[in-house]
Amino acid sequence: MSSSKLHLGLSSVLLAVALTAGSIALGSVRESPRVDVATAPRAAGVGGLQAHLRSQPADFSGWATLGLAYVEQARVDGDPSLYPKAGEALARSLKLAPGNDQALAGRAALAAARHDFAGALADADRALRANPYSERALCTRIDALVELGRYGEAAKAADTADERRPGIPVFTRYAYVRELRGDVRTARRVLEQALHGATSPGDVAYVATQLGRLAWNQGRYDSALRHYGRALAADDGYLPALEGRARAQAAKGDGAAAVRGLEQVVARAALPGPLVALGELYEARGDRARAREQYALVEAWTALARAGGVDVDLDTALAAADHGDRALALRAARAEWARRRTVHTADALAWALHVNGRDTEALPYARRATSTGYRNAAFLHHRGVIELATGHGREGRTRLAAALRLNPGFSPLGAREARAALEAAR
């Protein structure tokens, strides 16, 4: 699908949902990969659905809707303990109506939320065999292929989804696939088209936040802040926009505002990405005790998530490599690489190998992380450091300079380390 072919029909009902595919980077830690649930019911509807199903227990569609509502509530609240409830509701729907596409698409979304992307792909395909026009299944299929590192297939899946069910969920996924391939211009143009046609506050907040993330990742902080401002004007409590604004403020040097913003975010949803970001901001200003508290909360969240059936190896590897048990980081990164081979897992494995003193082994993975053309300063920083450590001085200096040129405030700690390494190498 070319951007000129992109349909302009926009879905009128879309939740303001999480950023996909771990796309925000701060230093070596990204927001954990979370697949948004297109057109899922708002968490506020869980009580009403439960009441309805008490009086109409044979409503298979209602059980499927409740399952998706639990997935959405878990995302909003950062509470993976709700995933087993989602699984039970979806299983009930399938028992009442075997093979119904709503429940299969819901099960795919649940698998994606748990980071079981192979399972998500299988269930999305099953749902699409039952209903080729299921928007939820079409979107989850794209997400699963992206998270499995099958980027060419993901692009084709986005084309198919655009033909069948054009709308904001597809537009944003298509843009991200193009960004992963280094085509930032097309990604931005597609998102701008989507924002132009967005009408509901949820749509505006979601797409504007995606534009803010894209701008931040390219070091365009003023533009990022404008987009986040528009998102928050539409929904002043939208957590991804609050988090993104804080990261942009940190990059511009306004650490106090960034800390206030991230404290607000983690008070509502203590997820690994903002926790580590806040910890690094505390550490950058010398408050190591409060930084350690945030890193400890990451460990608590991963334990809770694991109990809810979530694969947390990537989260563990990213956090532990810089702020925890380095041997654990390497074990987790290897386990995640065995399951899926994306640019994010390649970068995580490369860095985990590096902090364990295994730079020669790390280099191929660092190169693979940047092989698609994806423009990410943290990836470039990691590759540059590893190249310097393996005797590739010229390449390492080039990579570190590129990271700082692309996004000079990509991390309070990582950017400082990149500048120090570049100066020492010179």
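**Ring pairs and helix packing**

The count of aromatic pairs in this structure comes to two, where rings of Phe, Tyr and Trp (its six-membered ring) pair if their centres lie within 6.5 Å, and planes under 30 degrees apart are stacked, over 60 edge-to-face and the rest tilted. In one of them, the ring centres of Trp 337 and Tyr 365 are 5.3 Å apart with planes at 85°, so this pair is edge-to-face. The pair joins distant parts of the chain, since Trp 337 belongs to helix α17 (residues 326-339) and Tyr 365 to helix α19 (residues 359-369), 28 residues apart. Helices (H or I, at least four residues) and strands (E, at least two) are DSSP runs numbered from the N terminus.

The model is predicted: local features need pLDDT of at least 70 and side-chain atom pairs count only at pLDDT 80 or more, while totals for chains, interfaces and linings use all residues. Residues are numbered from 1 along each chain as its sequence is written, and side-chain values use heavy atoms, leaving out hydrogens and water.

Trp 337 has 7% relative accessibility and so counts as buried (buried is under 20% relative accessible area, exposed over 50%, partly exposed in between, with a 1.4 Å probe and protein chains only). The rings of Tyr 374 and Phe 379 have centres 5.6 Å apart and planes at 75°, so that pair is edge-to-face. Tyr 374 is buried at 4%, and Phe 379 is buried at 1%.

The next topic is helix packing. Helix α3 (residues 83-96) packs against helix α4 (residues 101-113) at an angle of about 160°, and their axes are 9 Å apart. Therefore α3 is roughly antiparallel to α4 (angles under 35 degrees are roughly parallel, over 145 roughly antiparallel, 65 to 115 roughly perpendicular, the rest oblique). Axes are lines fitted to C-alpha atoms, for helices over the stretch in contact, and angles run from 0 to 180 degrees between N-to-C directions. The crossing of α3 and α4 is left-handed, that is, the near helix is turned anticlockwise from the far one by less than a right angle; clockwise would be right-handed. On the α3 side the contact (heavy atoms within 4.5 Å) includes Tyr 83, Leu 90 and Leu 94, and on the α4 side it includes Leu 104, Arg 107 and Ala 113. By class, this contact of α3 with α4 has eight nonpolar, three polar and one charged residues (Ala, Val, Leu, Ile, Met, Phe, Trp, Tyr, Cys and Pro are nonpolar; Asp, Glu, Lys and Arg charged; the others, Gly among them, polar).

Ala 113 in helix α4 is buried, with a relative accessible area of 11%. Apart from neighbours within four places in sequence, Ala 113 is in contact with Val 71, Tyr 83 and Val 310. Its C-alpha atom is 9.1 Å from that of Ala 74, 39 residues apart along the chain.

His 115 sits in the loop between α4 and α5 (117-130). Its phi is near 70°, a positive value in a residue other than glycine. Most residues other than glycine have a negative phi. His 115 is buried, at 6% relative accessible area.

Helices α14 (residues 272-284) and α15 (residues 288-307) pack at about 165°, with axes 7 Å apart. Therefore α14 is roughly antiparallel to α15, and their crossing is left-handed. Among the residues that meet are Leu 275, Leu 278 and Tyr 282 in α14, and Ala 291, Tyr 295 and Trp 301 in α15. This contact of α14 with α15 has ten nonpolar, two polar and four charged residues.
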